[in-house]
Amino acid sequence: MTTWSEKMLQVLRRMNNFYSPGSSRTTCLRFEVGGEQVGWVPSKVASILSTFPEVFNPPQGGAITLCQNLDSYGRRSDAVDSVLQSLRREGLLTVLKGWRDEVRILRHSTNVYGEIFHINGYCQGENGELRMWVGRRSMTKQTYPGKLDNLAAGGLAAGIGVKNTLIKECEEEACIPEDIAETARPVSTVSYTYEDEEGVFPESQFVFDLELPPEFKPKIGDGEVQEFYLYSMDKVKELLISDDFKPNCAMVVLDFLIRHSYIQPDTGLHQYIN
């Protein structure tokens with residue numbers, strides 16, 4: 001019989017499959033800007049980018065770089081945006097179909113494609129036991145519709161700080177007032193790189209814990225969540241390894257379980273990943 005830890009390990013491997021045997025890592029090219037790697041380019045995407053010689057240099061030394069005249073943040077951003085808009089119009093990259101024109105910052109310090117924050121929302125019961133708020137994603141979401149998710153989450157747009165984004169998303173998604181949302185504590189970062197038929201995605205999730213008053217109940221806001229549930233930690237642990245939980249969000253909750261000692265070194269995942 002497959003144990004809980006073995007099933008959880010399968011989720012982790014799935015979300016970090018770029019570093020697993022059989023991935024496209026050996027054929028991918030590094031994407032470098034100013035001498036720093038900021039992402040990966042699959043070979044099939046590299047072929048498409050070669051049709052934009054005014055923006056991208058031919059691959060050299062296992063890397064794709066921007067043309068030398070694109071020597072500022074503004075010029076680089078405008079040039080790459082023009083390429084992406086063209087590719088979306090032509091339908092050459094399916095991943096761009098879901099692009100909502102949001103602008104993100106690439107940082108060489110994190111070397112990730114996407115920076116996202118996730119909030120573990122929880123409260124204490126009368127007996128001191130922790131319970132966690134979990135949201136169910138709307139069926140209209142472009143990715144993982146109807147799956148269980150963290151209390152609130154969001155991508156970090158260019159020019160907007162993490163804290164401001166967090167407060168905004170808490171209000172929009174779960175109707176959490178600012179005076180409660182601003183008490184969220186930054187606790188860790190969960191990073192991984194996964195690939196699927198649409199590309200390679202290095203991501204870094206900034207994890208926050210938000211303890212909510214026992215009497216507070218999140219409400220549906222902008223429609224990205226269809227329902228909220230308050231579960232015991234045992235129930236949450238059970239749901240993490242089911243197909244009902246969005247896998248990268250499961251990693252965020254796993255981090256919470258480890259930090260709050262709901263997973264013990266002798267019986268939990270530690271015996272598989274140490």
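Modeller: The discussion below turns to the charged pairs and then to a helix. Please note that this is a predicted model.

Biologist: Which residue forms a salt bridge with arginine 137?

Modeller: The partner is aspartate 149, and the closest N and O atoms of the two are 2.8 Å apart. Because arginine 137 belongs to strand β5 (residues 130-137) and aspartate 149 to strand β6 (residues 148-149), the pair ties together parts that are twelve residues apart in sequence.

Biologist: Are arginine 137 and aspartate 149 buried or exposed?

Modeller: Burial is read from relative accessible area, with buried meaning under 20%. Arginine 137 has 7% relative accessibility, so it counts as buried. Aspartate 149 has a relative accessible area of 9% and is therefore buried.

Biologist: Where in the chain do lysine 141 and glutamate 224 lie?

Modeller: Lysine 141 is in the loop between β5 and β6, whereas glutamate 224 is in the loop between β9 (199-211) and β10 (225-232); the pair links distant parts of the chain, 83 residues apart. Their side chains meet in a salt bridge at 3.0 Å, N to O. Glutamate 224 counts as partly exposed, at 25% relative accessibility.

Biologist: Which helix holds both arginine 259 and aspartate 255?

Modeller: Both residues lie in helix α7 (residues 247-259), four residues apart, which is about one turn of the helix. Arginine 259 forms a salt bridge with aspartate 255, with 2.7 Å between the closest N and O atoms. Arginine 259 counts as partly exposed at 31% relative accessibility, while aspartate 255 counts as buried at 17%.

Biologist: How many residues of α7 are buried?

Modeller: Eleven of the 13 residues in α7 are buried, and the helix is mostly covered. Among them are Pro247, Cys249, Met251, Leu254 and Phe256.

Biologist: What distance does α7 reach from its first C-alpha to its last?

Modeller: The helix reaches 19 Å, close to the 18 Å expected at 1.5 Å a residue. After α7 comes serine 261, which has a positive phi near 65 degrees.

Methods: Residues are numbered from 1 along each chain as its sequence is written. This is a predicted model: local features need pLDDT of at least 70, side-chain atom pairs count only at pLDDT 80 or more; totals for chains, interfaces and linings use all residues. Side-chain values use heavy atoms; hydrogens and water are left out. A salt bridge is a side-chain nitrogen of Lys or Arg within 4 Å of a carboxyl oxygen of Asp or Glu. Helices (H or I, at least four residues) and strands (E, at least two) are DSSP runs, numbered from the N terminus. Buried means under 20% relative accessible area, exposed over 50%, partly exposed in between (1.4 Å probe, protein chains only). The expected span of a helix is 1.5 Å times one less than its number of residues.
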